[in-house]
Amino acid sequence: MEGEPVNVNEFQELARQALPKMHYDYYTGGAEDQYTLKENVEAFRRITFRPRMLVDVSRIDFSTTVLGYNISAPIMIAPSGLHKLAHPEGEIATARAAAVSNTIMVLSSMSSCTIEEVASSCNAVRFFQLYVYKSRDVSAQLVQRAERNGYKAIVLTVDVPRLGRREADIKSKMILLQIKNFEGLSSTKVDNDDGSKLEAFAKRTFDDSLCWRDIGWLRSITKLPILIKGVLTREDAIKAVEVGVAGIVVSNHGARQLDYTPATITVLEEVVHAVGGKVPVFLDGGVRRGTDVFKALALGAQAVLIGRPAIYGLAAKGEYGVRKVIQMLKDELELTMALSGCPSVKDITRSHVRTQHEKFHSML
């Protein structure tokens with residue numbers, strides 16, 4: 001590729017060139033037939049704009065707030081594991097890029113840098129993503145460490161009672177790096193030689209009995225607000241509000257869990273309507289353009305989270321690459337807002353987009 005990349009997809013190609021095949025496949029792969037993986041991106045393309053003309057867009061403001069914290073744009077970094085497979089500095093480089101970009105990074109509990117290392121690397125608002133483990137004490141200690149080190153929220157991932165079937169990882173016998181947060185708490189060593197080591201680790205450690213009443217247990221051990229990540233239905237959105245979560249992330253785990261779940265953008269409105277403004281709703285999955293960010297905001301998301309795009313930037317160009325990816329999405333969002341007649345995030349409304357469903361009905 002000649003010169004600097006000009007969009008996120010070009011960063012993906014640079015990441016492919018930079019990474020060993022096993023690591024690239026780990027980051028990019030989805031579950032089974034990878035239907036949902038493709039659909040997460042394609043579904044955005046079926047949403048079109050209804051731009052307004054003759055609006056003063058000489059000044060565009062895309063800043064917003066998340067749980068009361070100001071961020072420069074409605075684009076956060078989603079939790080994703082093992083950043084050192086992408087770059088030697090791992091999550092520390094990602095965290096610094098988020099800090100410089102004035103946005104929030106959600107640190108994965110499967111990080112290759114510790115909670116403490118990332119907290120001390122730069123001064124920024126960050127959240128901590130949690131799985132609940134069969135040993136509840138391990139989960140409790142991770143939460144307490146996050147709280148002690150200034151993380152501002154817990155993002156509880158609820159869509160992994162078992163790990164999805166990621167066939168690229170099975171074929172490559174995906175090797176598990178030492179997950180630094182578990183040192184002294186639990187061994188991540190896996191003895192089996194068949195298939196993905198990550199899958200074997202998850203099977204041994206993740207608590208597949210986790211249910212709604214356990215949110216009460218989590219709330220009892222931390223003062224931090226809890227966001228729930230992995231909701232795809234109206235029914236679960238209503239339950240999440242009932243158990244007292246502070247926010248919902250509409251997510252299908254980057255299409256890495258259950259294949260043939262819907263693209264997140266197609267169920268966002270269902271969740272937004274179900275919660276009725278009681279808690280903020282966020283979205284991850286398939287965001288590759290600033291136009292995608294605009295579409296998610298128009299359909300009711302308060303912000304989006306990006307996972308793979310940040311990894312592509314990290315693999316290609318380290319901290320600078322992550323900053324560049326965020327800036328690309330910001331620049332594209334700014335242009336989309338200007339051309340749609342939206343000077344601020346608050347001006348982006350449902351009437352600014354048309355979904356495929358609406359197109360179909362308009363033809364009848």
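Student: Is the crossing of α12 and α13 left-handed or right-handed?
Tutor: This is a predicted model, where local features need pLDDT of at least 70, side-chain atom pairs count only at pLDDT 80 or more, and totals for chains, interfaces and linings use all residues. Helices are DSSP runs of H or I with at least four residues, strands are runs of E with at least two, and both are numbered from the N terminus. A crossing is left-handed if the near helix is turned anticlockwise from the far one by less than a right angle, and right-handed if clockwise. For α12 and α13 the crossing is right-handed.

Student: How do α12 and α13 lie to each other?
Tutor: Axes are lines fitted to C-alpha atoms, for helices over the stretch in contact, with angles from 0 to 180 degrees between N-to-C directions. Here the axes are 7 Å apart, at an angle of about 60 degrees. Angles under 35 degrees count as roughly parallel, over 145 as roughly antiparallel, 65 to 115 as roughly perpendicular, and the rest as oblique. The two helices are therefore oblique.

Student: Which residues of α12 make the contact with α13?
Tutor: Contact means heavy atoms within 4.5 Å. On the α13 side sit Leu329, Glu332, Leu333, Thr336, Met337 and Ser340.

Student: By class, how many charged residues does the contact of α12 with α13 have?
Tutor: Ala, Val, Leu, Ile, Met, Phe, Trp, Tyr, Cys and Pro count as nonpolar, Asp, Glu, Lys and Arg as charged, and the others, Gly among them, as polar. The contact has 5 nonpolar and 4 polar residues. The charged count is 1.

Student: How does helix α1 run relative to α13?
Tutor: Helix α1 covers residues 8-18. Its axis comes within 10 Å of the α13 axis and crosses at roughly 170 degrees. That makes α1, relative to α13, roughly antiparallel.

Student: How many nonpolar residues are in the contact of α1 with α13?
Tutor: From α1 come Val8, Phe11, Gln12, Leu14, Ala15 and Ala18. Their partners in α13 include Pro309, Tyr312, Ala316, Met328 and Leu329. By class, there are 3 polar and 2 charged residues, and the nonpolar count is 12.

Student: Is Phe11 buried or exposed?
Tutor: Phe11 belongs to α1. Beyond four places in sequence, its contacts include Pro5, Tyr312, Gly321 and Val325. Buried means under 20% relative accessible area, exposed over 50%, and partly exposed in between (1.4 Å probe, protein chains only). At 0% relative accessibility, Phe11 is buried.

Student: How many of the residues of helix α4 are buried?
Tutor: Among the buried residues are Ile92, Ala93, Ala97 and Ala98. Their cover includes β4 (75-77), β5 (105-107), α5 (115-121) and α13 (308-340). Of the 11 residues of α4, the buried number is 8.

Student: Where is Leu82, which has a positive phi?
Tutor: Most residues other than glycine have a negative phi. Leu82 has a phi near 55 degrees. Leu82 is also buried, at 1% relative accessible area. Its place is the loop between β4 and α4.

Student: What is the relative accessible area of Leu67?
Tutor: Leu67 lies in the loop between β2 (64-66) and β3 (69-71). Its phi is positive too, near 50 degrees. Leu67 is partly exposed, with a relative accessible area of 27%.

Student: Which residues does His87 contact, neighbours within four places aside?
Tutor: Residues are numbered from 1 along each chain as its sequence is written, and side-chain values use heavy atoms, with hydrogens and water left out. His87 sits in the loop between β4 and α4. At 18% relative accessibility, His87 counts as buried. Its contacts are Leu314 and Gly318.

Student: Which strand holds Lys229?
Tutor: Lys229 counts as buried at 5% relative accessibility. Its contacts beyond four places in sequence include Val155, Thr157, Asp159, His253 and Asp284. The strand, residues 226-231, is β8.
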